[in-house]
Structures are given as structure tokens and as C-alpha cells.
Amino acid sequence: MSALLAGATWTLPNTLLGLIAGTAGILAGARPAWSRRDLSLVFVRYPWGPGGAMTLGNVILQTGIDLDVACTTYAHRAGLCVDPHIRIGDHERAHVYQYMALGPLFLPLYFACGGVSVRNRFERAADRYAITGEGWWPWPVGALPGRRSD
């Protein structure tokens, strides 16, 4: 539990951005609800965006009515493979974990890795996690700074 609290504190600047965006969405019909499963305050029926969901820290902005919506992976949409449908909430929960691990470094690293794209290792890891329940970290464990991958 203390690791979750530390992660939530570390990503607080990102969460504040999500709270600001979510609060603005309330004025246009969004509704907030806590998701214990996804460790996030979820704003459903978020009125802006291309559809789907976006995570900012421990906040998920969802254009649909809930996170149990089935969707395709980034690789599937790009025609690179045939993946099973995933739960959008599982994909977004992987981003929550990534934010909690990287805190304020998440957004610069995410955009340095290609932004919203199948090429982005953060999106591929989130899809992997949504399919298998494992592997939300965007780099191989041996590639962590200060560790050798023998």
C-alpha cells in the first residue's frame, strides 16, 4: 500500500492536470467516479477527444460510459497483427502504473517515444498488459538504468 501512495504522490502533478481537465468536462456533462480496480478517478462521458480514453496520473478521461468497453490494440488497428479485443480500462490502468513509476517524467518520455502511436513503447506495453495482465513497464527489465542485461 505504501508503494501505491508513493506512486500517487510522485505523479501528483500529472493527476492535477487530469483533475483540471476532468473538472472542465463536468461543465459539459462528464461524471466522475472512483475506480478502485483502475486506481483512478474516472471521468466518464468526457465530452472532448477523438473517442476512447486518456490517462493523466491517477485520472482517466473516458469518452464512453465506462471502462469495460472492448477495443482493439494499437498494433491491431495499424494492421500489424491480429490481437484479441482488450478492455480499455486494463490498457489505461497500465498507463496509471507507468505514471506512478515515472511521475513528472512520464509525459516528456511518452512524447519522446512517439506520442499516440503504435510505435510508442508505452502504448505497446499498455496493450501487452491489457492482453496478458503483465508487462506494463515500457522497457525490458534488463534495460533499466544501472542494470546490465547479460
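This is a predicted model: local features need pLDDT of at least 70, side-chain atom pairs count only at pLDDT 80 or more; totals for chains, interfaces and linings use all residues.
A residue counts as exposed when its relative accessible area is over 50%, and as buried when that area is under 20%.

A search of the whole structure finds 7 salt bridges.

Let me begin with Asp 90 and Arg 37, whose side chains form a salt bridge with an N to O distance of 3.6 Å. Asp 90 belongs to helix 4, residues 88-102, whereas Arg 37 sits in the loop between strand 1 (31-35) and strand 2 (40-44), so this pair ties together parts 53 residues apart in sequence. Asp 90 has a relative accessibility of 14% and therefore counts as buried.

The next pair is Asp 68 and Arg 87, joined by a salt bridge at 2.6 Å, N to O. Here too, distant parts of the chain are linked: Asp 68 is in the loop between strand 4 (59-62) and strand 5 (70-71), Arg 87 is in strand 6 (residues 86-87), and the two are 19 residues apart. Is Asp 68 buried or exposed? Its relative accessible area is 52%, so Asp 68 is exposed. Arg 87, by contrast, is buried, because its relative accessibility is 14%.

Arg 87 also meets Asp 90 in a salt bridge, at 3.0 Å from N to O. In this pair, Asp 90 and Arg 87 are both buried.

Note on methods. Residues are numbered from 1 along each chain as its sequence is written. Side-chain values use heavy atoms; hydrogens and water are left out. A salt bridge is a side-chain nitrogen of Lys or Arg within 4 Å of a carboxyl oxygen of Asp or Glu. Helices (H or I, at least four residues) and strands (E, at least two) are DSSP runs, numbered from the N terminus. Buried means under 20% relative accessible area, exposed over 50%, partly exposed in between (1.4 Å probe, protein chains only).
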